[in-house]
Amino acid sequence: MSSVAPADLPVGENLGSIEAAERSEYGSKTARVKKRLTSRTATIISLIIAVLWTIPTFGLLVSSFRPAELIRTTGWWTIFQNPGFTLDNYRDVLFSTSSASPQLGSYIVNSIAIALIATLIPLVFASMAAYAFAWIRFKWVNWLFIFVFALQIIPLQMALVPLLQIFSTWLRPMQAWLHDLVPIIPEQNYLPLWLAHSMFALPLAIFLLHNFISEIPSDVIEAARVDGATHGQIFFRIVLPLATPALASFAIFQFIWVWNDLLVALIFSGGTQDVAPLTQRLAEMVGTRGQDWQRLTAAAFISIVIPLGVFFGLQRYFVRGLLAGSTKG
Amino acid sequence: MTTADLLGKLLQVVMGLAVFAAVVGLLIFFIDKAPKKGRDYWQLGLFLLPAMLFIAIGLVYPAIRTSLLAFQDSSGDWTLDNFVWTFTQPAAIRTLINTIIWVLLVPTISTAVGLAYAVFIDKSRGERYYKVILFMPIAISFVGAGVIWRFVYEYRGGDREQIGLLNALVVAAGGEPVQWLQTDPINTFLLIVVMIWIQTGFAMVLLSAAIKGVPTEQIEAAQLDGTNGWQRFLNVTVPGIRGALVVVLTTISIATLKVFDIVRTMTAGNFNTSVIANEMYTQAFRASEVGRGSALALILFVLVLPIVVYNVNVLRKQREIR
């Protein structure tokens, strides 16, 4: 789900369908009986595909725990002939302070810092806009909504050059000023990445959250209006709590998207360990130390472990909200 | 990372949160204190303000500016040179051809494999685990996937033992090891494999849900008519999931047109593997050829546009039928 903003929309839907599939898995008995009769070749082919799809990741995982010398000289599939287990690779990429090691610690902090706030900003701004689009009625607002929806088709690449120019004109002086004021904040800071990710996420976020928020029963909103609640109160006390599933789903989705991003980071981060996220560091390691497999395997696994954890751990939650938000017409 | 560095980073996050909270708080304050006259306008405007401001600065203005830059040379004069370059230089033409190969192969193969897999595992025992296995790569970053597959394609010269799986298989079959990523044109296809590896799970999950939506009565009726499994698949299942097929194909096509990270990580576009999105980055941000980069971005947009329009149309029609 990494590199495409608008096209990523159905990822939510399809995660949704995993659950739908689970539900229907134990559907009718006749269906199950029929299944027993389907050909054995089908089972064998699907087994082969499943194994093919797993082997590359598995090889990487196994290798990351093998001593450097063994990785260099033998294939990971010979692990039983050439046994060896070590955590040195992880220790090296994470904690070693030697200049040759990738020192991933600060990049992990960067990835977390970038992803957290670049998730929070579009989440709040998009839900505010979605609320206005759904519940404050004016003629031209619908056209504005359609326009925002249509913006999803603009590829990221269309925005990069001018946005970088805007940032270096307006944001750079501010960053320099902040650095003078608080010296421990480096001159390159997270601000451009936070803003860029938030900007690019908004059209999709508004669209998804609007689908959900516009479904809140109008009785609820109108009752609150009659009781004299302001829009601000309704938004915080009624809309946000009711939209929690959609908010959580979008948050998880956006978090993984930002975490996995390379393009935006390459352009707006400056590439130093003050700002650059894990993906950028990993890509850089491939470029400069493409043969250091003991480091590459461990570093790659570190960079994919958080998205995988989110994927396995929060699948259900992810699923429910986005399904509700996106299959609805 | 020194303690001061970490402290600086934490401070940035805390300050970021504080400023953001202040902005939102201020907005809500003004929303609730809006003047009586034209109150709804005020409130609507303030609710929309931050998002619209971000979209205007981050998307609308840049998109317009990029479109103009594509038709300018470095001194700002109007010209078509950027497009002439794109369609005449051998390297640039190769980029376009590669992109076409990508967009022809990735959507079709991912969808075909995903569909076959979805049909085969449908209602079988352990369907859930089968699905998770194929779907997992979607959570992995393209950079991570790039490293995973570079390891598979790794080459060892001389008589040394191969540590890359692909070359090990070649050697085991009696062949000579190949420098896969440096060998044109096979390298482009090997990069495409990575994208297929990622996208197949996506296709599979979407199609699997669609297959479960095909009414069992139709399939049973076809069964009573004495059709075999293949005929039922072609004449009942496929028509029943046409909408989902279109969505899957178009979505993967768009993602493929914009593929950047995989090429960047695995070959950086060298050895004739570049694609539009990668070339756009290289030209605009490495070679300082902003005009050429903008032209490539515009081409990308023009390529994506009809697919999206088609996709939206199909979705709308489906909705009308329902």
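User: What makes the span of helix H11 of chain B close to the expected one?

Analyst: The model is a predicted one. In it, helix H11 of chain B covers residues 242-257, which is 16 residues. The expected span is 1.5 Å times one less than the number of residues. For this helix the expectation is 22 Å, and the first and last C-alpha atoms are 22 Å apart. The helix is therefore described as close to its expected span.

User: Which residues of that helix are buried?

Analyst: The buried residues of H11(B) include B:Ala244, B:Val247, B:Val248, B:Ile252 and B:Leu257.

User: Why is A:Phe235 called buried?

Analyst: The cut-off for a buried residue is 20 or more other C-beta atoms within 10 Å. A:Phe235 has 23 such neighbours, and therefore it counts as buried. This residue belongs to helix H11 of chain A, residues 231-242.

User: What does A:Phe235 touch, leaving aside residues up to four places away in sequence?

Analyst: A:Phe235 touches A:Met128, A:Tyr131 and A:Leu240. A separate comparison concerns A:Ser127: it is 108 residues from A:Phe235 in sequence, yet the two C-alpha atoms are 9.0 Å apart in space.

User: How many helices and strands does chain A have, and what share of the chain is buried?

Analyst: Chain A contains 16 helices and 0 strands. Of its 329 residues, 50% count as buried. Among contacts in chain A with a separation of 6 or more, 76% join residues 24 or more positions apart.

User: Where does UniProt place the transmembrane regions of chain A?

Analyst: The unreviewed UniProt entry annotates several spans as "transmembrane region", including residues 42-62 and 107-136 of chain A. In the model, residues 42-62 are 100% helix and 0% strand, with end C-alpha atoms 30 Å apart. Residues 107-136 are 97% helix and 0% strand, and their end C-alpha atoms lie 43 Å apart. The UniProt record also gives "domain: ABC transmembrane type-1" at residues 108-314 of chain A, again from an unreviewed entry. That span is 79% helix and 0% strand, with its end C-alpha atoms 21 Å apart.

User: What do the annotated spans of chain B look like in the model?

Analyst: For chain B, the unreviewed UniProt entry lists residues 12-32 and 132-152 among its transmembrane regions. Residues 12-32 are 100% helix and 0% strand, and their end C-alpha atoms lie 30 Å apart. Residues 132-152 are 71% helix and 0% strand, with end C-alpha atoms 22 Å apart.

User: How many residues of chain A are in contact with chain B?

Analyst: Contact requires C-beta atoms within 7 Å. In the model, 104 residues of chain A are in contact with 98 residues of chain B. Helix H6 of chain A, residues 104-135, gives the largest share of chain A's side, 15 residues. By class, that side has 71 nonpolar, 29 polar and 4 charged residues.

User: Which domains are assigned in chain B?

Analyst: The assignment gives domain 1 (3-79) and domain 2 (82-138 + 195-321) of chain B. Their C-alpha centres lie 33 Å apart. The contact between them takes 7 residues from domain 1 and 7 residues from domain 2.

User: What confidence does the predictor give?

Analyst: Chain B has a mean pLDDT of 89, and 98% of its residues reach 70 or more. The complex receives an ipTM of 0.89 and a pTM of 0.87.

Technical notes: Residues are numbered from 1 along each chain as its sequence is written. Chains are lettered from A and ligands numbered from 1 in the order in which they are written. This is a predicted model: local features need pLDDT of at least 70, side-chain atom pairs count only at pLDDT 80 or more; totals for chains, interfaces and linings use all residues. Helices (H or I, at least four residues) and strands (E, at least two) are DSSP runs, numbered from the N terminus. A residue is buried if 20 or more other C-beta atoms lie within 10 Å of its own, exposed if 12 or fewer, and partly exposed in between; C-beta atoms are placed from the backbone. UniProt positions are given in the numbering used here, feature names are shortened, and annotations may be inferred rather than shown by experiment. Two residues are in contact if their C-beta atoms, placed from the backbone, lie within 7 Å. Ala, Val, Leu, Ile, Met, Phe, Trp, Tyr, Cys and Pro count as nonpolar, Asp, Glu, Lys and Arg as charged, and the others, Gly among them, as polar. pLDDT is the predictor's confidence in each residue, from 0 to 100. Domain bounds come from an automatic or database domain assignment.
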